[in-house]
Amino acid sequence: MKMNEKLRNYENLNLIQENREPQRSYYIPYDSLEKALEGNKENSSYYKLLNGSWDFAYFKRDIDVPDIITKWDKIPVPSNWQMHGYEAPYYTNVNYPYPVDAPFVPDDNPCGVYQMDFNINKEWAQKDSYIVFEGVNSCLYLYVNDKLVGSSQGSHLQSEFNISKYVKVGNNKLTVKVLKWCVGSYLEDQDFFRLSGIFRDVYLLSRDKGSVHDIEIKIVNKTISVSEKDYVIYEGKNKIETLANPILWNAEKPFLYTLVVKNKSEFIPFKVGIRDIKVSTEGELLINGMSVKLKGVNRHETHPTLGHYTPYDEMKVELLKMKELNINCIRTSHYPPSPEFLNLCDELGFYVVDETDIEIHGFVSRNGGYQYDIENPEWICNQKQWENAFVERVQRMVERDKNHSSVIMWSMGNESGYGSNHDVMINWTKNRDSSRLVHYEGASLVNDKSSVDVVSRMYTSVEGIEEFAKSDDMRPFFLCEYSHAMGNGPGDVYDYWKRIYQYPKLIGGCVWEWADHTVLVDGTYKYGGDFGEVTHDGNFCCDGMVFADRSFKAGSLEVKAAYQYIKTEIIENKLKVTNLYDFTNLNEYKLLWKVASDGEVIAQGELNCDIKPHDTKQYILDFTLPKSCELGCYMDVSLEKEYEVAMEQHSLDVEILNGNSDLQGTAKFEEESELIKITGEDFTYTFNKHYGNFESLIVDGSERLAGITKLTVWRAPTDNDRNVKYKWGLFEDNRSGENLNRIFSKVYSCELKGNKILVSGSLAGISRSPFLKFNTSFTVSACGEIEVEFQGKVKEDCVYLPRLGFEFEIPKKNEKFKYYGMGPTENYMDMCHHTSVGMFESCAKEEYVPYIVPQEHGNHTKAKELCIGGLKFSSLGVNFSSNNQFEFNVSNYTSEVLTNAKHTDELIENENTIVRIDYKNSGIGSNSCGPELIDEYRLKEKDISFQFSISKFI
Ligand code: IPT
């Protein structure tokens with residue numbers, strides 16, 4: 001066998017495939033009706049899965065592949081060879097990992113040769129045999145019994161070959177030569193780890209000679225029309241003669257009929273959902289006539305140990321988790337998913353935006369910089385010789401996936417500029433399938449003057465979407481990417497949804513993105529740059545709303561809260577409930593409510609709300625509010641079935657009494673050089689006048705502090721702080737910020753006046769003028785209660801602050817704590833809709849969130865009380881307002897350690913627990929790729945007044 005006879009064919013645009021079967025719809029033929037109805041493909045005698053451990057030989061250069069390979073390793077199929085030690089994984093976003101010199105790829109083109117044996121029995125030999133590859137990156141050359149059958153490109157598309165004339169009864173040898181790069185790689189510049197090999201299922205099909213090839217099922221006016229004549233429709237196992245009043249499919253109630261096509265000896269089943277998709281004159285997306293909002297997420301196929309391969313069971317788990325987060329829409333960014341994924345979407349109910357396997361993003365940086373100079377003929381989307389390569393990709397997607405009810409929109413790919421080839425793709429798609437919508441975000445580059453059905457944008461600000469909503473363009477507006485979920489975040493998703501509900505033509509959007517892309521190495525998650533890549537984008541791949549193992553973080557729960565399907569309001573004793581489901585009556589759930597005063601439940605009940613989709617009803621609830629409370633009185637509402645699907649909290653109008661703090665009497669104050677010693681019955685405090693703060697709090701004979709208390713503003717930048725952090729801090733190569741991570745605290749004066757210590761001072765970053773001047777008074781009562789009253793002035797032109805508060809070090813053993821505030825998960829002033837105010841317990845360890853790159857985490861807003869290490873931090877004080885509250889954070893890590901660590905295994909625990917009692921901590925937003933943090937969530941006040949008290953906690 002001469003495997004190099006077609007040297008460099010992979011760079012030839014006229015040879016992007018040879019002998020590949022025309023694309024057909026995805027299906028599996030069965031040998032009996034029962035098996036077809038059951039739909040377990042492994043039971044079909046006409047299907048043979050070839051996945052398993054195959055022989056494998058890797059060559060750094062394809063030209064080194066010998067005619068006869070003598071040394072074979074083993075590799076699992078499906079998998080990517082980089083996940084098995086052949087080359088390192090390579091993460092790059094926009095930049096191509098090789099020169100932009102289309103259609104040419106590097107001379108040294110790595111190659112993996114796969115080999116396995118399969119058996120063909122007599123029955124199979126009498127029929128036709130096909131082999132199907134569901135995904136091979138980047139191209140494949142197929143040999144059966146040493147004969148070249150054909151070749152194919154298009155990593156995430158199906159390649160089917162008729163191998164009948166190459167197989168024989170008995171043992172057959174299958175050889176697949178896979179190249180790392182080919183001309184098609186220019187079309188696959190997606191933002192992910194670049195991984196090679198056979199990464200999806202490979203199987204054989206035995207087909208009757210002359211059997212049907214493509215089968216098309218169309219839904220026209222709520223009736224099913226099939227390209228074949230001989231078929232039967234079943235509802236479950238019951239045959240249906242006429243389908244007059246069909247049950248419709250939608251993502252909430254994904255009802256599917258089973259349609260079985262009979263062709264020669266084959267039974268070919270399809271799951272069919274009946275639904276229609278329209279756009280109203282107001283630009284709404286109508287599914288079966290209902291105006292539906294797309295609560296979406298972008299999903300890549302990514303797995304921390306398997307690379308681009310996701311096994312069926314894990315796809316299912318992934319989808320169930322999406323359901324749990326109230327997600328109803330998936331954009332298959334940025335290529336068609338494994339076909340089984342769409343079967344699952346039909347079955348579980350998702351609206352899918354199926355995306356063509358095209359991204360040529362790296363053309364923007366071919367001359368350095370970042371430029372969409374799309375009128376330049378160098379863009380291959382403008383070149384006629386590339387037209388077929390573009391168009392056949394959309395054709396293969398549409399032909400493969402056209403029978404899926406879940407698919408409601410075809411996407412022409414991602415970030416590929418806009419050129420004449422896009423016009424051809426869009427026109428072809430619209431002519432081929434007028435039942436669905438066509439979207440392409442790149443149309444924004446030509447002012448949306450292409451024939452896309454949807455105006456689609458990415459990362460537009462909240463004001464931006466509102467601006468479109470008010471414009472005269474009556475097409476639906478879709479955020480194909482928004483709320484970049486990198487690291488701690490996203491914080492702004494709720495703000496988008498306020499607008500999306502407000503305006504009919506804002507049809508929703510897809511959070512970027514579902515899961516972190518990482519590679520798990522020895523228990524640590526690695527990302528770009530960890531594998532010696534020459535050009536890479538660091539941790540920009542770790543931007544999932546769930547972690548790589550699909551576990552949830554605060555951002556996941558925040559999306560769940562923004563996407564939830566009820567809205568409630570409390571008006572005195574009446575609860576107003578709005579059903580935001582499109583096809584579900586709320587009576588399928590139970591609605592629980594409870595009223596808690598100072599964390600104690602004082603009334604509760606359960607309602608069965610018979611509320612139709614999009615309707616509102618009011619219910620009178622039976623509860624009496626207390627006359628007053630100390631911390632707060634709230635009503636929690638939650639909607640449940642097997643688990644909680646929605647929850648909201650309402651603050652109730654009950655007077656908050658300012659506690660029983662008592663500043664009567666005087667403790668003993670003694671000044672000794674730089675120290676003030678304050679003693680009472682069961683306490684001895686030491687205040688350091690030189691530094692203007694407490695350095696020791698001994699209560700009942702035990703030291704409660706492990707170091708001096710500090711006023712600080714730094715937080716370890718989150719990924720969403722990646723731009724503002726240069727205005728905040730001092731980092732290499734940057735000298736323009738306030739240097740807030742290198743601050744000096746200055747005490748101008750400190751004096752003792754009665755039972756008050758008055759400090760006036762400032763904070764300034766190194767080399768900068770003070771950004772904050774303050775006066776703080778510490779009042780100590782006879783019983784040892786300390787009231788801290790801070791007045792600060794921030795310099796006029798200062799950037800908004802990361803946070804501001806006092807940092808205490810508590811001896812390590814005291815890491816457990818109890819609080820009244822927002823919890824139980826971390827929350828920030830914008831990212832807080834998933835939490836509610838209550839009494840919670842936690843410990844520093846539990847507060848840790850393993851963001852792939854360590855960063856700020858673990859904040860709690862709306863706190864009134866925190867008890868830790870024998871101390872009680874409280875919002876109550878004699879002269880404090882009853883609305884007073886603080887934010888806090890308890891951690892085993894200093895912000896310096898979190899700032900410096902690049903991976904979780906570099907984190908070193910502090911000897912003591914660090915407690916921050918903050919005036920405020922700025923919000924989170926999604927500026928890692930999205931717009932700047934919304935103004936109202938910035939700590940930008942110039943005059944700050946902040947109070948809290950510290951007392952003994954038993
Ligand atoms: C956008 C890409 O479409 C997506 O693939 C991903 O890279 C995302 O950004 C960032 O994580 S493109 C960007 C230039 C707006």
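This is a predicted model: local features need pLDDT of at least 70, side-chain atom pairs count only at pLDDT 80 or more; totals for chains, interfaces and linings use all residues.
Two strands count as paired if DSSP finds at least two bridges between them, and strands themselves are DSSP runs (E, at least two residues), with helices (H or I, at least four residues) handled likewise and everything numbered from the N terminus. With that in hand, strand β23 (residues 285-287) turns out to be joined to β24 by 2 bridges, and the two run antiparallel. One of the details here is that L286 has S291 of β24 as its bridge partner.

Residues are numbered from 1 along each chain as its sequence is written, and side-chain values use heavy atoms, with hydrogens and water left out.

As for confidence, pLDDT is the predictor's own score for each residue, from 0 to 100. The protein chain averages 96, and 98% of the residues score at least 70. Among its elements, strand β26 (residues 329-331) has the highest mean pLDDT (99), while strand β43 (residues 655-656) has the lowest (92). Over residues 1-6, though, the pLDDT is below 50; beyond near neighbours in sequence, this stretch has 21 contacts in the model (a contact means heavy atoms within 4.5 Å).

Now for the ligand. There are 15 residues around it, and D191, H334, N414, E481 and H484 come nearest; a residue is near a molecule if one of its heavy atoms lies within 4 Å of it. By class, this shell has 6 nonpolar, 5 polar and 4 charged residues, where Ala, Val, Leu, Ile, Met, Phe, Trp, Tyr, Cys and Pro count as nonpolar, Asp, Glu, Lys and Arg as charged, and the others, Gly among them, as polar. An oxygen atom of the ligand sits 2.7 Å from an N or O atom in the side chain of E481. For the side chain of N414, the corresponding distance is 2.8 Å, and for that of D543 it is 2.9 Å.

Most residues other than glycine have a negative phi, and most peptide bonds are trans. Yet V77 and P78 are joined by a cis peptide bond, with omega about 0 degrees, and P78 lies in the loop between β4 (73-77) and β5 (90-92). Another cis peptide bond joins G489 and P490.

Conventions
A polar contact is a pair of N or O atoms within 3.5 Å; within protein, one must be able to donate a hydrogen and the other to accept it, and residues adjacent in sequence count only if both atoms are side-chain atoms.
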